[in-house]
Amino acid sequence: MAFQSLLISVISGLMLVFYYNPIDEHFKSVQEITYNISFGWLIRTVHYISSQVCLISVIGHIAKYGTFNPGGTSRFEVFKLLFTTCLIYVCFFLGYILKGDQEGLFALNISQNLLSQIPYIGKFLMKIFLGDGSNLFIYSYHCYILPILIFLLLKRHVKEIRLASWTIGGIIGLSVFYYENFIHLHDVPLGVQHERVYGPWFFWGIQFLLIHLEVLWAGVIVPSLFFVLLFIGILLDVRALRFCHIMSVVYMIAGIGFRVGLLR
Amino acid sequence: MDSKYIINRRKALKVILISVASFPVISYLYHGNDRVKEIIITQEELYNLPVVKQHVFINKNVHNEIAVYSMKCTHLGCNLNYDKQKELFVCPCHGSAFNIDGTVIRGPAKISLLKLKSEFDNKGNLIVKFSG
């Protein structure tokens, strides 16, 4: 299901490319796709919902198979797959920036500032991965480089490529439901003051940490410690991996608590 | 032949080739200038200060001079909300708050707001230039 939704996401994304303007006035073109172009709303919400379904089902997939290591998958293969998962999340986050509204703009500013906080190489990394302020770099990473990389890395993992009709139907149904009920919550128009702006759901925890810790600790050291532990866990010691599983559950619960308003 | 060296000739060539080829690619990506933004505030707008225009805040300070502040949070760069009644800026992302003279009231931000350079042109309009 993860791969099927990824496929649907890629197909709908390819259709969005025709009308999206990466140079300037991103938000205007997104609004035009949503409200003016016939069935643009459907393509856009399908792109959004299918990527969400992909993210969540990847987590489910890891929770189901990641702990037991069935079928004797080699450790290097698991390493590669987890790296691919990270790339999928990065791709989603870049899409969130490309949305071009206030949330996207803030996400861009925050990620630029976070990257430039890394000592010595931060500015260099920021310029290479996020460009010089326009969305063009992010656009090319999101639309071309990352999807191609993800598919190349998944080549050996995916045994058969198929698109079940119930997945397509389910995603389209979910998208229509989402459009009918929540589309007014989806975009935060530019120039309007909002009391609180939240990041995408897997960044709620980091947003919470950023309020209470130093930027370098919350945005760079804690996440990179987690990833180092994760990859050490895969390659050397399973106990580190178990610790990472528990940590990510705690992280998600804390993030949801922050979003709901229980944690401040 | 293999036992004498750690890496063989083919591998060494590969490493050299990749590093030579990656240099132009990285410098190609690294290129890019900071864009300079310019905001013009007309005379009419200057009469009723304070003014908020394109995330720039213009006000008169204690010495009756015009002071221009960037409305970007110094913590991580979100655009600040201006609260007219309480006369303060609040960050919607992580909750920092600033006075209208730019000083920090509440964290996580630590540095006060960036003061921007401004100058009058010959028509009496205020021109603010800043990068980013």
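Which residue forms a salt bridge with A:K99, the closest N and O atoms being 2.7 Å apart? The partner is A:E103. A salt bridge here is a side-chain nitrogen of Lys or Arg within 4 Å of a carboxyl oxygen of Asp or Glu. Before we go further, a word on the model: it is predicted, so local features need pLDDT of at least 70 and side-chain atom pairs count only at pLDDT 80 or more, while totals for chains, interfaces and linings use all residues. Residues are numbered from 1 along each chain as its sequence is written, chains are lettered from A and ligands numbered from 1 in the order in which they are written, and side-chain values use heavy atoms, with hydrogens and water left out.

Let's stay with A:K99 for a moment. Its side chain also meets that of A:D101 in a salt bridge, at 3.5 Å from N to O. Together, A:K99, A:D101 and A:E103 are linked in a network of salt bridges. Is this group buried or exposed? Both A:K99 and A:E103 are buried, where buried means under 20% relative accessible area, exposed means over 50%, and partly exposed lies in between (1.4 Å probe, protein chains only). The relative accessible area is 9% for A:K99 and 0% for A:D101, which is buried too. For another setting, look at A:K28, whose side chain forms a salt bridge with A:E25 at 3.8 Å, N to O. A:K28 is exposed, with a relative accessible area of 53%. Over all chains, the count comes to 6 salt bridges.

Now let's move to where the two chains meet. One salt bridge lies between chain B and chain A. The side chains of A:E214 and B:K110 meet in a salt bridge, with N and O 2.1 Å apart. The contact (heavy atoms within 4.5 Å) takes 24 residues from chain A and 20 residues from chain B. The size of an interface is often given as the accessible area lost when the parts come together. Chain B and chain A bury about 2100 Å² between them, 54% of it on carbon and sulfur atoms; this buried area is the accessible area (1.4 Å probe) that two parts lose on being put together, summed over both. In chain B, the residues that lose the most area to chain A are B:Y30, B:L76 and B:H94, together 28% of what that side buries.

Polar contacts also cross this interface: 6 residue pairs, both at pLDDT 80 or more, are found. A polar contact is a pair of N or O atoms within 3.5 Å; within protein, one must be able to donate a hydrogen and the other to accept it, and residues adjacent in sequence count only if both atoms are side-chain atoms. On the side of chain B that touches chain A, α1 (9-30) and β5 (81-83) of chain B each supply at least two residues. The helix α1(B) gives the most, with 3 residues. Helices (H or I, at least four residues) and strands (E, at least two) are DSSP runs, numbered from the N terminus.

In α6(A), A:G122, A:M126, A:K127, A:I128 and A:L130 are buried. The buried residues of α6(A) pack against α5 (102-117) and α7 (136-154) of chain A, together with α1 of chain B. After α6(A) comes A:G131, whose phi is positive, near 75°.

Aromatic rings are our next stop. Rings of Phe, Tyr and Trp (its six-membered ring) pair if their centres lie within 6.5 Å; planes under 30 degrees apart count as stacked, over 60 as edge-to-face and the rest as tilted. The count comes to 25 aromatic pairs over all chains. One of these is the tilted pair of A:F79 and A:F231, 4.7 Å centre to centre with 55° between the planes. A:F79 lies in helix α4 (residues 75-98) of chain A and A:F231 in helix α10 (residues 215-235) of chain A, so the pair ties together parts that are 152 residues apart in sequence. A:F79 is partly exposed at 26% relative accessibility, whereas A:F231 is buried at 18%.

The rings of A:W201 and A:F202 have centres 5.3 Å apart and planes at 90°, so this pair is edge-to-face. A:W201 is buried at 18%, and A:F202 is buried at 9%. Ring pairs link both residues into a cluster with others, including A:Y48, A:Y89 and A:F177.
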